[in-house]
Structure formats: C-alpha cells, structure tokens
Amino acid sequence: MEHWASVFSMILDWKVLIFLPLGVIMGAIIGAIPGLTITMSISVLLPFTLFLDPLPGLVLIFGISKGGLFGGSISAILLNVPGTPAAACTMLDGYPLARKGRAGEALDTALWASFLGDLISVLALILLAGSLAQLGLQFGPVELFALIVFSLTVIAAISTSGLLRGIVGGLLGLLAGTVGLDLVYGSERFTFGSAHLYDGIAFMPLLVGLFALPDILMFYFGRRQPRSGAGKLAEGASRRLSMANFRMVLPTILKGGGIGVILGAIPGIGATASTFVAYAEARRSAPDREEFGKGALSGVAAAESANSGTGASTLIPLLALGIPGDIVGAMLLGAFYFHGLAPGPLLFANDMDFIHALYITLIVSSAIVLVVGRYGTRYIQRIVEVPRDVLFPVVLVLTVIGAFAISNSIFDVWVMLVAGAVGIGFRALRIPEAAFLIGFVLSPLLENNMQRVLIISKGDYAAFFDSYLALLFYAATLVAIVGRFAMPALKERRLRQRTS
Amino acid sequence: MTNIFNAGWTRRSILAGAAAIATALTMPGQARADWPEGNMRMIVPYAPGGTSDNITRAVTPAIEAILGRTITIENIGGGGGVIGVTQLAKAEPDGLTFGFVPTATLVIAPLMRKLNYDPLTEIQPVAKVAESYGALAMRKDFPADTLDEVIAYAKAHPGEVTFGSAGIGSITHLYVEIFAASAGVEVNHVPFKGSSEAMNNVLGGHVDGQFDAVVLRQAQAGAVKPIAILNDERWDGLPDVPTLNDLGFKGFEDIASWFGFIAPAGVPEEAVQQFSAAVDQALKDPQVIERLAALGVMPKYLPADKFGALIQSNYKQYGDILTPLGLTQ
C-alpha cells in the first residue's frame, strides 16, 4: 500500500502532468518537420531535464521520442518527405495512398499502428523485460547476418515493375551502402578523397532527394498537371479509416509491433532497419500484400507499428542490462546516472517505486499519442488542400534546410540534389526506389556482420550455419524465395484447372 | 601517491612539453596578444547527443559564467569528427572560435588517413578536460579469471581469444593491440560499431572480452568478469579490481583516452591562458563534477602546454602501434 502511495505521489507531480502531454506534442511537431530530428531535440533539452526530478525529466524525453515516431509519418504520408529516418518505410505505401486520395485513411492507420505498436512495446517492457533482454543477447554476428539476408527478400515483394528491376535497385542500394570507411581496415571506399563521405552517404538527404525531389521537379519540368487545387489528395483527406479496414490491418499491426519489440531489444539494429525487417515479414501474411509498395494500408500499418514497437523496447537492454540500444538510450543512461539510478538488475531491486511510476507514465503517454494524433492530424492534414504551386516551393525550401541542418553541411545539400537526379533516372528506367532504399539501409548490417563472422571463425564459412536462430532465418528466406516463384505458377495452374 | 599525471610522465613527454613552451616563448610576435571581446563559437565535430557533445554541454555553462562570455555550441558532424576539426583548423585565429575533441580526431585519425589539417602545427591545444575510465573484462564463462591466466590462455590458444572494440582505429581497438604487443600474445580483434554493440556481444558470449569503460557497470552487476583497470587509479565502484600498474603490466602508461578544448594555431596567448584557467576552475564546480561522473568520465585538467605535450607523445606512441598493423597512411 505504501509502495503504491509513493508511486502515485511521483506521478501526480504537476511537472509530470504537464510534461507528459507537452513532450508528445513537441515530439509530434518536431517529428513532422524534416530536418529536425528527435535525437537533436532531446540532446538540447537534456541538460534542462537534469535539473528536474528523475521522473518529470524522463517523461519529457520519452514523450518527445514517442510523439516524434508518430509525427515522422505525417510528412512521409502527405509530402513523401519522411520527418524522421524511422518513417522512411511508412512513405513507401503512405504516399501512394495519399495520391490515390486516401491520405486520411493512411494517417488513421499510421496513428492506430503507432499507438498499438507503442502499447505492445510498453507491455513487453513491463512483462517480459528480463527474457527479451536475454533473447536480444542471442543475436550475435551470425544471427544478425541471417536475419538481414531474410529481410532482403522483401525487395522481391515490393518490386512492382518486375523482379529484375527490383534486384538491380536492391544491388545498387547495397553498393551505395558500402561508401565510407571500411569496418575492418578503416580504408576509404568510394569517398573520392572527401572526408564528408567517411561515415557513408548521409541517410536523410539521400532519402529526401530520392523520393521527394523527383515529384517536385517533374511537377515543374515534366508534363504539367493541373496547377490549381490539389486534386485527389484533398478529396480523400477527410475520409477516415473504416472499421472493416481497421480489422483488416489489425493483425499486421500486432505482428509489426511484436517484431519491432524483439528487434528493438537488440542493440545495434536501430529503429529504421528494424522497420524494414518488420515490413518484410508483415507482407507475407497481409491480406492486401499484392498492393505493397503501391499503396497498401497494411504496409503503413507494418511500418508504423514496427517503428513504434521499437520505442519502449529499446529501453529493455537499457533498464535490464544497462546497455543503451541507440543514441537516445545512451543519453538516457547519462540521465539515469545523474540522478543516482543505475540501470541494470540492481535498479529493479532498489528502486521499484520509480520503475512502477515509469511504467504507468509510459502507458499514459501511449494514450496521449492517440489523443494528440486524433485531433492533431485533422488540422495538419489540411496541408494537402494547399495548391501544389504554393506547397512545393515551401517543401523544396524545407528539404534543403533539412538536408543542411542535420550536420550543418552544404555537402549534404549536394547529396540530396544528386540523389534527386538519381531518383528521376530510376523513375525513367522504372527501377523501384524502395528496393534501392532497402538495400542501402541493410547493406552495412549485412556486410559488417558477415565480416565479423569470418573474423571470429578465421575464415571458416561453416560458421554461418552454426546457430539454430540463423538456420531458422535461412529457412524463412528459402520459403520466401520459393513462394515468390511458386505462387504465381500455382495460381496459374489453378486458373487453368478452373477454366478447363 | 601515483596518479595519472606523474606516473606517466616520461622523459620524452617532459622534453616535448619543454619544447612546446620554448616555441611559445620564442614566437610571441606571431600570436596576437589581446583577446577581442565578444561571444564565442564552440565547434563540436559530432552530431548532438554523443559523448563529446554531452561533455561540452556539461562544462560550457560554468565556463560562460567565469568568462562572462556567451559560448554557442555548433555541432559540425560527419567524417568521424574530421570535418569539424578541419573547419576549426581553418577558422580565423581570433580567439573567438574554439573546439572540443576526443583523442580519436586529433591523434588517431591523422595517423590513419591523409587529412586537411596537421594536428601538431595547425592546432593550439587549450586544456585537457576529462579522461575516460577503462577496464578489461572477459565474458562470464571465459576459462581464466586473472590477468596472468588470460595471458596464459591466449598463449596456449594463439589467435583464438576474441576482443570486441568500438571500431577500427578507436581507442578501444588500440587497447587490444597494445595488450597483445605488451603481453606478447596473438589475439583476434573484432570491430563493432560502438562500445554498446561490442558489450552486447561479450554479454551474449559471441566474443570473449573487451577493453572499454562500458564493462565497468556490467562487472559491477556481475555480468562480466573484471580483470584489470587500465587507468592508474582503481575505480571506486570496484575497489577490489587491480590496476594494470598494480599487476606490474607495462604498456598502458599515458594512453587513457581524453577529451579537451583546442583552438586554431595562432590564437592570442591571452585567450588560451584565460580560457584554460576558466576550464580549471569550472572542473572544480561540484555540479560539473557530478555531471561528468554521470557521463562516465573523470575530470582531469591539464593546461595548454602539458596538454600539447601529451598530444605529441600520444601521436608518437599510437604511430608505433598502428604502423606495424598496416593502418597508418
């Protein structure tokens, strides 16, 4: 009884009650604006939070990170410009939906997927932190390599203009992902002597250039569409997600959330790559899987539930083991230590009041994401009613500022422009940009883990099969590949049987 | 008492320090004497949120208060810190643009790659601020419990013991190589992207050990086996774990990874001295000490000349380690 009294006295602090919604609202706004990242805003706010009690400070940080994960999807769906790296995958189906006049449904799907993914993540943290942390530790280089091999099969699925073009796009992406300093020798690869490319091609400028710029440039230089009004985009903005469609995407949301939770608990993968892995898996069972990459509600559901699913689960290695799963986790670790709380098994033994107060505020903040999103998107989505000759110049300016602001680098603006030219080339040759993007995101994980396996085994290739988890992923890869080729043949045969 | 400064002062580093002072004294005409009024720009060569950025943000408010100047932190990321340092090296040396860097950008990166700045001639060291803790730990079920046993095991199984690091050319990688060279053993270095990922692989048993600060808290929780502390002083959290010095193991003197303030060469002497003195004072502020402890680093001030001497001796030391590995340019 005394325990719960102490827990609620922590939660019913006015600072907690104010910062909880404030953080979510700030996060949603920051997330929706390309170029302002969650990491950036948290690191600026962190010194301020250290002057607060532990709970209000952490609540503010969690709120921003949760609101941001949803906010990133808004601009991804409406403008084809992801507000955060983790929303890159949402864009693949979200924007095609918006173009078909289903922006309202896509936003609703993203919101419910974010909310439920986040809730699953929090519940997993509360109920399964210990075992998920142990599961995360099972993922060494061999298991990660196998997992990424499996994830690459999604390229086949989203290759709407033919498998060959998809593979070309994917390979180009894998190649572009090798730019930078080599993991083992530190030698420069495709950097052309420029230090700007040591860390590889910057992700956000590449993303914006590849996806958003071609649309804008083609609007001005290509075949002109009616200039006034926003056509279909505006018509569909007010249409909401129907109950039937909600029921259709619900299994995908649960699956995406679950996968996000597990991958979030493994340090080193990150929310962006986790999202693509979940997208790959969710597609296999989605009822509208044929539409993936062309505007599937399940695609948005998988992407958003997965990126929100990683939200609280990145806290699992942090709280259970004291290992930060990402850079936000690393900053939180500093904040915990500052307040004399040492994450790890000891935290659960010594500070149970604090842990329970944290859990409750995390659940409440999930609900706040839903409320803020529900009312907020009604206003934000009206952006699509703005005529394109007004909207596009504004977006263009925002993309340039966004590309520059991430590391105060004019070089990144050039990266974006070059990526825009490449994007136009891809469209002309009908190479799916999505395949390129998946290859690019997964390339370092694939290569680095392959190298690590071979270093540890001293060149023995048998090491790649020395793990049950890895074998499981290879089996799933085979199933996915066989399915890709066998399914159409099977369908054809069935059709022939029916007609004969 | 042995501490990290006096234990490691080799004759070479003292000579280098003397040389630096002598150089400074003989060319007063080149540096402008007075420090112009105005707000300062602080270049952090990484994106916000990393250790360097966090330390800068922890220390700067106190320095601002002491100097009575506003200091704007500017994050110029990319190139593993190289781009920001290049911009700093090329900045106007008016004393209004300073930077904050870890060992990697000033000593290791210039050894490994051809860069657009020379850390020894184009950078004016201002003050060393902090030092990272470091320790060697092995996975829980590793068949050796002490330093001698680890070395004996590595000798009996050449090339088989794996050590994870935060990446190629990181200080944690150099620790592995120094250990192998000093102990005369052949070990297997496995680079990861960052300390946390390497730690995860030690906890999961995918690699055998790690030289890093992150192992300390894990060792405290009993998740890994602590073998030795790399710093010259024991760590309060694990008072029973010996330092390498205690064990008589040589090779790790003077190589703890550090963080410090720098400026472009040719800044007014007054700016360097006053800023350095302000850093010294700021590091005595209890709140700053507390915040640095939360970030996992210990305040270790060195004035400009001694900091410069340390950079010079590190440069030579790390060159000697990296060259035989084929990692220098």
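How do the residues of the lining of the second largest pocket divide into nonpolar, polar and charged? In this predicted model, the lining comprises 19 nonpolar, 6 polar and 8 charged residues. The points below cover that pocket, a sheet in chain B and the confidence of chain A.

**Second largest pocket**
- The second largest pocket holds about 1,000 Å³ of space.
- Among its 33 lining residues, A156(A), A157(A), R283(A), A480(A) and R484(A) are the closest to the centre.
- Two or more lining residues come from each of α7 (141-152), α8 (154-158), α9, α13 (270-285) and α22 (468-499) of chain A.
- Helix α22(A) provides the largest share of the lining, with 12 residues.

**Sheet in chain B**
- Five strands of chain B form an open sheet with mixed pairing, in the order β7-β6-β8-β5-β9.
- Because β7 (188-191) and β9 (224-229) of chain B stand at the edges with a single partner strand each, one side of each has no neighbour in the sheet.
- On average, neighbouring strands of this sheet are turned by 30 degrees against each other, direction ignored.
- Strand β5 (residues 135-139) of chain B pairs with β9(B) in the antiparallel sense over 5 bridges; L136(B) has A228(B) as its bridge partner in β9(B).
- Helix α8 (residues 195-203) of chain B lies across β5, β6 (162-165), β8 (209-212) and β9 of chain B, and runs at about 150 degrees to β8(B).

**Confidence in chain A**
- Chain A has a mean pLDDT of 83, with 93% of its residues at 70 or more.
- Confidence in chain A is highest in helix α9 (residues 163-176), at a mean of 92, and lowest in helix α11 (residues 232-235), at 54.
- The pLDDT is below 50 over residues 226-230 of chain A, a stretch with 10 contacts in the model beyond near neighbours in sequence.

Definitions and conventions: Residues are numbered from 1 along each chain as its sequence is written. Chains are lettered from A and ligands numbered from 1 in the order in which they are written. This is a predicted model: local features need pLDDT of at least 70, side-chain atom pairs count only at pLDDT 80 or more; totals for chains, interfaces and linings use all residues. Side-chain values use heavy atoms; hydrogens and water are left out. pLDDT is the predictor's confidence in each residue, from 0 to 100. Helices (H or I, at least four residues) and strands (E, at least two) are DSSP runs, numbered from the N terminus. Contact means heavy atoms within 4.5 Å. Two strands pair if DSSP finds at least two bridges between them. Axes are lines fitted to C-alpha atoms, for helices over the stretch in contact, and angles run from 0 to 180 degrees between N-to-C directions. On a 1 Å grid over the protein atoms alone, a cavity is a set of points where a 1.4 Å probe fits but cannot get out, and a pocket is an open set with protein on both sides within 12 Å along at least five of seven lines; lining residues have an atom within 4 Å of a point. Grid points are joined across faces, edges and corners, and a volume is the space filled by probe spheres set on the points. Ala, Val, Leu, Ile, Met, Phe, Trp, Tyr, Cys and Pro count as nonpolar, Asp, Glu, Lys and Arg as charged, and the others, Gly among them, as polar.
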